[in-house]
Amino acid sequence: MALLETIDIPHLPSSLPVHVALYRNVENADYLKQQLLAGNSEFEYALIDASMVLSRAHAITAIFRAINDYMNGRLKSRNVHSEIVFSFSSTNNIADSFRKFGIADSTEDLLVVKVSVAPEITHDSVAAYLEASIKGTPVPFDDETLSQISDVAKIKKFYKLGALPDPKPISAEANGVYTDDAKRRLELSLLGAIALRGS
Amino acid sequence: MTDEYKPPPLPSPFTNTSPAPVLLTQGAEAHLYKTVSLDPSIPAALKIRPSKPYRHPILDRRLTRQRIVQEARCLVKLVREGVSVPAVLSLDWEGQGGEDGGWGGAWLLMEWIDGPVVRVVLEQWEAWLKKNSSSLDQAQLEQEEERVRGLLRRMGHALGGLHKAGVVHGDLTTSNLMLRLPATSSDPGPTGVSMEGEVVLIDFGLASQSAQDEDRAVDLYVLERAIGSTHPRSEPLFESLLQGYRESYKGATSTLKRLADVRLRGRKRSMLG
Amino acid sequence: MIGIGMEGSANKVGIGIMLHPEDGSEPKVLANVRHTYNAPPGEGFLPKDTARHHRAWVVKLVKDALKEAKVTVDDVDCICFTQGPGMGAPLQSVAIAARMMSLLWGKKLVGVNHCVGHIEMGRLITGASNPVVLYVSGGNTQVIAYSSQRYRIFGETLDIAVGNCLDRFARTLHIPNDPFPGYNIEQLAKQGKRLVDLPYVVKGMDCSFSGILAASDGLAATYGLGGSEQAKLDAEKSALNTEESQDLDAKPTRADLCFSLQETVFSMLVEITERAMAHVGSKEVLIVGGVGCNERLQEMMGIMARDRGGSVFATDERFCIDNGIMIAQAGMLAHKMGLNTPLKDTICTQRFRTDEVWVKWRDD
């Protein structure tokens, strides 16, 4: 059973809910990527290498930007799902953004996003697809899980934020009350970079 | 002041927002709303630069875009440098676009800062002092002054950080400095006016990236004049602000030298005083 | 009370006679005569020539004004004259006439700040009680608001005046100076359709025009649009009433440049005015000064004011353009408060800031 979360992102119309699932130990990334490249419309999903995702806010911000551009008819890529992958980027280089954030053959941790751009796309239909297509362990889409997945060095390198201090490693005593200024600063810097892309 | 005034309709996508964003202030350039961030449990500030129908549409788009992007760039840079400012959460410089090509202005979604502006803190403190000055002994007076000095010094630290990052604010007043409420509040002392909390710089609508001593000195001068005119009792303590500024910014010496020139020039003294 | 106002701070010499009825009813304009010195196209007016013009005309204009007003010298209570700001030599030539009249007839002198004259006349004519004032002319660009007996300058030009910018561009294009260059730019701009990119320089409530002028001059040079030959072509074309094809890739026309220049500088003026209105919480705006006659500026200001739930006040060229009446009006307000100018203090000053004047006649 997939841990599929359906999110109503504030400010977006309620007719455009977003379905998000996070997987670890994905075994069939190469197959998923092939389907995507073949343009198989069944597989029109945003498939993101989760090691490049710092936090939930990081992902939601990229998704929001893509959907806002979609609503205003300003997509730079083929559809809203490819645009989500591109929207993680801080540069206008679409191919490069796919190489960095998109699914690769070697991807083990995968973030899957689907926007209900058509009425037949529902929580259930997405859940069924995930069940059938993705061979991996579903995990919750939250900051604690992502902090075990994200490759901070790689993320900092892509966003050219190498000078920023490193977030503290996750510790048991933090226990939910998470007050790591370094991580917060890095996260907010990512949000800013996403917002400014193309300006 | 403008009761019958109706703000222009919100640009997309905020027509969907529920509950609707609440208008806080209406400046000449921008409208500021309170709403939620992309996480419904976290509040956010939404700044909208509406289209100005008096301008030629090409010029209007060019200016609106330039300015909102400039403001966002300054904020993003400052966040990266670790200066306390509201972070940029999302941005759209092209307004609503869409079907009829309708252009509704640009918007900037920012982190919400919870706390009072320094203007209110100083006003409350000055009012308290005025009411109680006769009944205070020298030691109490000094202690109170010390608290304000501490606040001004922290403001100086914030400004030093700002200038060190290569940004000038362009419109520094005590209304554009806030105190972020600390998670746990401490005893505000006899005045009931807390001066705790991190100093946060806000409203970068006139900010720019600059490496000029002149621009930095004007920043300080404008703030000095603003404190002089709105907080006369705090003005003698301005030196503490400059002390904080020196402590946090290596280039302070040449900026402060320039500040002396700017003071002498005092081009608009009559307007501010 | 009857006052004579004498203005000559730039290329117009104007004499006005004004009646302030004793019963406090509405002041009346009894006479408003003026003569303008126009330099040939492509040139500006020089102080020496302008002063000579004023000296030649001032006596005749005073006589004409007295005749038109049907008053005698005995009826006159005070002689008001422009003390500054403006061009030195023209100011002096009119001040000398004022001093002479004062000594000859034994009347009190009142030195008037030219800008305050514009403001008081604008308030009188439009009925705007406490507006934010945009004062725009060939020599001045200021955003002014009243507070505790001063007209305070909130914003101003950091270099040349907006009218100077327009006048000088008119020279570049060899647009006639008659009736005045700004008017002719406005007419030409009406045929302009394409907005070319020009610098836009607003800093807080201040602005700058010299870079825009340089850029406009540069475009005129690049596209070969300056000089008298092009001006002649333009005149011939408009006489034949030929429509030019609107090809967007074509080079801009002279009209396009005038249009773009106006759109850009007027947007800047409206922007700084709006900022001042937001700052002081005012909903009224009054435009005074020669550039204030421009209907496009008035239109833009009107849209801005309407969107703020307010309104714009402007006057026509009888009062927008420098005149003697406005000097009489401001001078008489001061005279009533006992603010006269002793002979020894009647020296003119080219720099005379609006906020130096003690506005004793207002107590709001």
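Which strands of chain C does helix α9 (residues 295-307) lie across? In this predicted model, helix α9 of chain C lies across β11 and β12 of chain C, and its direction runs at about 155° to that of β12(C).

The secondary structure of chain C comprises 11 helices and 12 strands. Its radius of gyration is 21 Å, close to the 21 Å that the globule rule gives for 364 residues, so chain C is as compact as a globular protein of that length. Along the principal axes, the C-alpha atoms of chain C fill a box of roughly 65 × 45 × 30 Å. Of the 364 residues of chain C, 54% count as buried, and among the contacts in chain C with a separation of 6 or more, 79% are accounted for by residues 24 or more positions apart.

The domain assignment divides chain C into domain 1, made up of residues 2-123 + 322-356, and domain 2, made up of residues 130-318. The C-alpha centres of domain 1 and domain 2 of chain C lie 27 Å apart, and 20 residues of domain 1 of chain C are in contact with 27 residues of domain 2 of chain C. On the side of domain 1 that touches domain 2 in chain C, the largest share, 6 residues, is contributed by α3(C). The residues on that side of domain 1 of chain C divide into 7 nonpolar, 9 polar and 4 charged.

One open sheet of chain C has 5 strands in the order β3-β2-β1-β4-β5, with mixed pairing. Helix α2 (residues 88-105) of chain C lies across β1, β2 (12-19), β4 and β5 of chain C, running at about 160° to β4(C), whereas α3(C) lies across β4 and β5 of chain C and runs at about 90° to β5(C).

A further open sheet of 5 strands in chain C has the order β8-β7-β6-β11-β12, again with mixed pairing. Here β8 (150-156) and β12 (311-314) of chain C stand at the edges with a single partner strand each, so one side of each lacks a neighbour in the sheet. The twist from one strand to the next averages 25°. Strands β6 (residues 132-136) and β7 (residues 141-147) of chain C pair in the antiparallel sense over 4 bridges, and the bridge partner of V136(C) in β7(C) is T141(C). Helix α3 (residues 114-126) of chain C packs on this sheet, touching β6, β7, β8, β11 (284-288) and β12 of chain C, and its direction makes about 125° with that of β11(C).

Between the other chains, the contact takes 26 residues from chain B and 25 residues from chain A. On the side of chain B that touches chain A, α1 (57-80) and β4 (88-92) of chain B each supply at least two residues, and the largest share, 6 residues, comes from α1(B). By class, this side of chain B has 14 nonpolar, 8 polar and 4 charged residues.

Notes: Residues are numbered from 1 along each chain as its sequence is written. Chains are lettered from A and ligands numbered from 1 in the order in which they are written. This is a predicted model: local features need pLDDT of at least 70, side-chain atom pairs count only at pLDDT 80 or more; totals for chains, interfaces and linings use all residues. Two strands pair if DSSP finds at least two bridges between them. Axes are lines fitted to C-alpha atoms, for helices over the stretch in contact, and angles run from 0 to 180 degrees between N-to-C directions. Two residues are in contact if their C-beta atoms, placed from the backbone, lie within 7 Å. The radius of gyration is taken over C-alpha atoms; the globule rule is 2.2 Å times the number of residues to the power 0.38. A residue is buried if 20 or more other C-beta atoms lie within 10 Å of its own, exposed if 12 or fewer, and partly exposed in between; C-beta atoms are placed from the backbone. Ala, Val, Leu, Ile, Met, Phe, Trp, Tyr, Cys and Pro count as nonpolar, Asp, Glu, Lys and Arg as charged, and the others, Gly among them, as polar. Domain bounds come from an automatic or database domain assignment.
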